[in-house]
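Please examine the sequence and the three-dimensional structure shown here before reading the briefing.

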Amino acid sequence: MAVSDPIADYLTRIRNAQQAGHRIVDIPASKLKKSMTEILYNQGFIHKYKFQEEGFNGQGSIRIALKYDPRTKQPVIRKLGRISTCGLRKYSKAADLPRIINGLGVAIVSTSKGVMTDKQARAENVGGEVLCYVY
């Protein structure tokens with residue numbers, strides 16, 4: 001089945017898996033989703049991930065092990081939100097990139113130098129399309 005907004009589908013699959021208390025979620029793969037998964041891993045929002053070549057009609061899949069707080073059993077990712085949508089793209093200059101919860105959260109930005117966090121984009125002084133936020 002074709003998805004009109006693959007990034008929103010990616011975020012929704014993670015959100016739904018956390019609400020259901022699942023430890024692992026499988027998502028159809030793409031280069032953009034792989035980059036976003038690596039950012040989530042590097043920022044400590046997910047436990048681990050694995051790229052698989054087979055699955056989802058030959059396009060491959062991403063298997064993500066979600067991270068939960070051991071004491072409260074609550075997911076580490078409190079909120080996922082899509083900023084730029086298919087109908088309304090949101091672009092920002094490096095100086096105007098959003099700060100998510102005063103730097104505690106992460107905004108994922110697609111720039112001319114690749115997909116990166118808002119902090120990395122500010123450090124490299126590049127702007128781009130603000131895809132989503134995570135905290």
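Predicted model: local features only at pLDDT ≥ 70, side-chain atom pairs only at ≥ 80, totals over all residues.

Residues are numbered from 1 along each chain as its sequence is written, and side-chain values use heavy atoms, with hydrogens and water left out.

**The open sheet**

- Three strands form an open antiparallel sheet in the order β1-β3-β2; strands (E, at least two residues) and helices (H or I, at least four residues) are DSSP runs, numbered from the N terminus.
- β1 (24-28) and β2 (46-52) stand at the edges with a single partner strand each, so one side of each has no neighbour in the sheet.
- On average, neighbouring strands of this sheet are turned by 20° against each other, direction ignored; axes are lines fitted to C-alpha atoms, for helices over the stretch in contact, and angles between N-to-C directions run from 0 to 180 degrees.
- Five bridges join β1 to strand β3 (residues 61-66) in the antiparallel sense, where two strands pair if DSSP finds at least two bridges between them.
- Within this pairing, P28 has S61 in β3 as its bridge partner.

**Helices on the sheet**

- Helix α2 (residues 31-42) packs on the sheet and touches β1, β2 and β3, its direction making about 155° with that of β2; contact means heavy atoms within 4.5 Å.
- Helix α1 lies across β1 and β3 and runs at about 165° to β1.

**Strand β8 and its partners**

- Six of the seven residues of strand β8 (residues 128-134) are buried, so this strand is largely enclosed by the rest of the structure; buried means under 20% relative accessible area (1.4 Å probe, protein chains only).
- Strand β4 (residues 80-82) pairs with β8 in the antiparallel sense over three bridges, and R82 stands opposite C132.
- Strand β5 (residues 91-92) runs antiparallel to β8 and is joined to it by two bridges, with G128 as the partner of S92.
- Strand β6 (residues 106-111) and β8 form an antiparallel pair over six bridges, and T111 stands opposite G128.

**The second largest pocket**

- The lining of the second largest pocket includes R15, Q18, Q19, R78 and K79; a pocket is an open set of points on a 1 Å grid over the protein atoms alone, where a 1.4 Å probe fits, with protein on both sides within 12 Å along at least five of seven lines, and lining residues have an atom within 4 Å of a point.
- Helix α1 (residues 6-20) supplies the largest share of this lining, three residues.

Key. Buried < 20%, exposed > 50% of the residue type's maximum accessible area, 1.4 Å probe, protein only.
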